[in-house]
Amino acid sequence: MNIGEILLKLWNDSGFAYIFAHFANGGWQNFVMIIIGCVLLYLAIVKKFEPLLLCGIAFGCILTNLPGAGLYNQELWNNFMTEGHEAYHSYGTILKEGGLLDFFYIGVKTSIYPCLIFMGVGAMTDFGPLLSNPKNLLLGAAAQLGVFVAFFAAKASGVFTTLEAAAIGIIGGADGPTAIFLTSQLAPHLLGAIAVAAYSYMALIPMIQPPFMKLLTTPEQRKIKMEQTRTVSKTEKIVFPIVVTLFVALLLPDTAPLIGCLMLGNLLNETGVTERLSNTAQNALMNIVTILLSTSVGATMVGSNFLTGQTLLIIVLGVVAFILSTCGGLLGGIMLCKITKGRVNPLIGSAGVSAVPMAARVANKEGQKANPSNFLLMHAMGPNVAGVIGSAIAAGFLLSVFGG
């Protein structure tokens with residue numbers, strides 16, 4: 001074989017040749033998705049939009065759309081979901097014929113990654129602000145409004161099935177791992193679009209929430225200074241994750257994986273005798289799983305699946321869900337403000353979405369704009385962590401009703 005034949009073979013086997021030869025028949029989709037991946041990298045690195053997740057998602061998107069690399073094989077997962085096919089409910093074919101990202105994706109499909117992320121989140125979460133003022137649970141519940149409105153809107157559109165609509169609705173919970181957990185169970189083919197929407201809106205909280213906070217509350221309400229919350233005992237902090245796990249998991253068994261891991265992580269942090277385990281959950285484990293989870297989610301962004309009208313509609317419904325969840329929390333805050341005769345600043349209701357701690361910081365910032373001596377951060381952390389529990393319960397409810 002002469003040098004010319006060698007060079008020709010190298011060209012014919014390259015991804016460049018595939019894109020040019022099949023540009024009109026799918027090759028353009030790979031090219032566009034690689035550009036989208038680069039744009040997401042720009043947003044993550046330069047604009048700092050959820051960089052810990054978005055970097056991995058973007059690079060996974062680039063890798064999965066490299067023609068000929070075989071890192072992720074969508075057709076294997078399509079067959080996996082088809083009853084009667086030899087690969088149905090079996091990972092044997094995936095392990096035998098799959099690529100590197102197929103192996104990574106098994107952790108998403110089995111819900112291992114989202115649950116381990118929740119364990120790390122639990123280890124980093126202080127439920128003290130919630131325990132000091134249990135009424136904050138109502139704000140966390142009110143902030144799930146967008147989940148169910150978006151579900152009904154997606155279903156009413158006629159574009160999505162019931163399972164797809166349920167997966168889209170959970171974007172309103174503003175909790176990336178919960179969105180991935182539910183979507184991987186109900187509509188895995190939408191995972192890339194829903195994950196990108198969920199994490200993008202979480203990163204845009206400082207831009208999305210303030211206009212609605214000002215729209216729904218009065219200047220006088222935003223100036224309200226809240227009293228210092230009571231000190232929560234160590235015993236309360238230890239008993240709380242145990243009680244929540246038992247009650248919620250018995251009420252909605254489908255929430256057990258998420259709630260169980262969240263509360264286990266928190267218990268490791270609060271016991272005072274498992275410091276090494278808590279540190280591992282917060283740092284090493286969290287970082288490793290974040291890499292695997294984000295890259296796996298990016299791998300699902302195959303051009304033929306992602307570049308559809310459905311994706312655009314998901315983006316629109318996602319922002320509607322997020323806005324309505326913010327408004328639901330604010331309306332709950334306004335209701336508590338009136339019930340307590342002005343002792344609750346309704347701004348903390350916006351923190352009922354499950355973006356910890358960014359939503360609480362935004363509530364605090366807006367409160368200080370209205371009154372520089374106002375410090376709402378610890379008060380807003382109560383609804384914020386309640387939102388984490390609320391979004392997990394909402395996901396469990398949807399999975400229980402539609403996933404059986």
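1. Phe 151 has a relative accessibility of 8% and therefore counts as buried. The terms are used here as follows: buried means under 20% relative accessible area, exposed means over 50%, and partly exposed lies in between, with a 1.4 Å probe and protein chains only. By this scale Phe 402 counts as partly exposed, because its relative accessibility is 26%.

2. A note on the source is needed. This is a predicted model, in which local features need pLDDT of at least 70 and side-chain atom pairs count only at pLDDT 80 or more, while totals for chains, interfaces and linings use all residues. Residues are numbered from 1 along each chain as its sequence is written, and side-chain values use heavy atoms, with hydrogens and water left out.

3. The structure holds six aromatic pairs. The ring centres of Phe 151 and Phe 402 are 5.1 Å apart and the planes stand at 40°, so this pair is tilted. It links distant parts of the chain, since Phe 151 belongs to helix 11 (residues 145-156) and Phe 402 to helix 24 (residues 377-402), 251 residues apart. Rings of Phe, Tyr and Trp (its six-membered ring) pair if their centres lie within 6.5 Å; planes under 30 degrees apart count as stacked, over 60 as edge-to-face and the rest as tilted. Helices (H or I, at least four residues) and strands (E, at least two) are DSSP runs, numbered from the N terminus. Elsewhere, one aromatic cluster is formed by Tyr 72, Trp 77 and Tyr 105.

4. Four salt bridges are present in the structure. A salt bridge is a side-chain nitrogen of Lys or Arg within 4 Å of a carboxyl oxygen of Asp or Glu. One of them joins Lys 237 to Asp 126, with the closest N and O atoms 3.3 Å apart. Lys 237 lies in helix 17 (residues 234-251) and Asp 126 in the loop between helix 8 (112-124) and helix 9 (128-132), so the pair ties together parts that are 111 residues apart in sequence. Lys 237 counts as buried at 18% relative accessibility, whereas Asp 126 counts as partly exposed at 32%.

5. A further salt bridge joins the side chains of Glu 270 and Lys 234, at 3.8 Å from N to O. This pair also links distant parts of the chain: Glu 270 is in helix 18 (residues 256-270) and Lys 234 in helix 17, 36 residues apart. Glu 270 is buried, with a relative accessible area of 6%, while Lys 234 is partly exposed at 45%.

6. Glu 366 counts as buried at 5% relative accessibility, but Lys 369 counts as exposed at 54%.

7. How many residues does helix 23 have? Helix 23 has 13 residues and reaches 19 Å from its first C-alpha to its last, close to the 18 Å expected at 1.5 Å a residue; the expected span is 1.5 Å times one less than the number of residues. Its buried residues are Ala 359, Ala 360, Val 362, Ala 363, Asn 364, Glu 366 and Gly 367. These buried residues pack against helix 15 (205-216), helix 16 (219-222) and helix 24.

8. Asn 364 has its place in helix 23 (residues 358-370) and counts as buried at 14% relative accessibility. Leaving aside neighbours within four places in sequence, Asn 364 is in contact with Asn 374, Phe 375, Leu 376 and Leu 377. Contact means heavy atoms within 4.5 Å.

9. Leu 43 lies in helix 3 (residues 27-45) and is partly exposed, with a relative accessible area of 24%. Apart from neighbours within four places in sequence, Leu 43 is in contact with Lys 48, Phe 49 and Leu 54. Leu 43 and Leu 399 are 356 residues apart in sequence and 32 Å apart in space, C-alpha to C-alpha.

10. Finally, Leu 10 lies in helix 1 (residues 3-12) and is exposed, with a relative accessible area of 57%.
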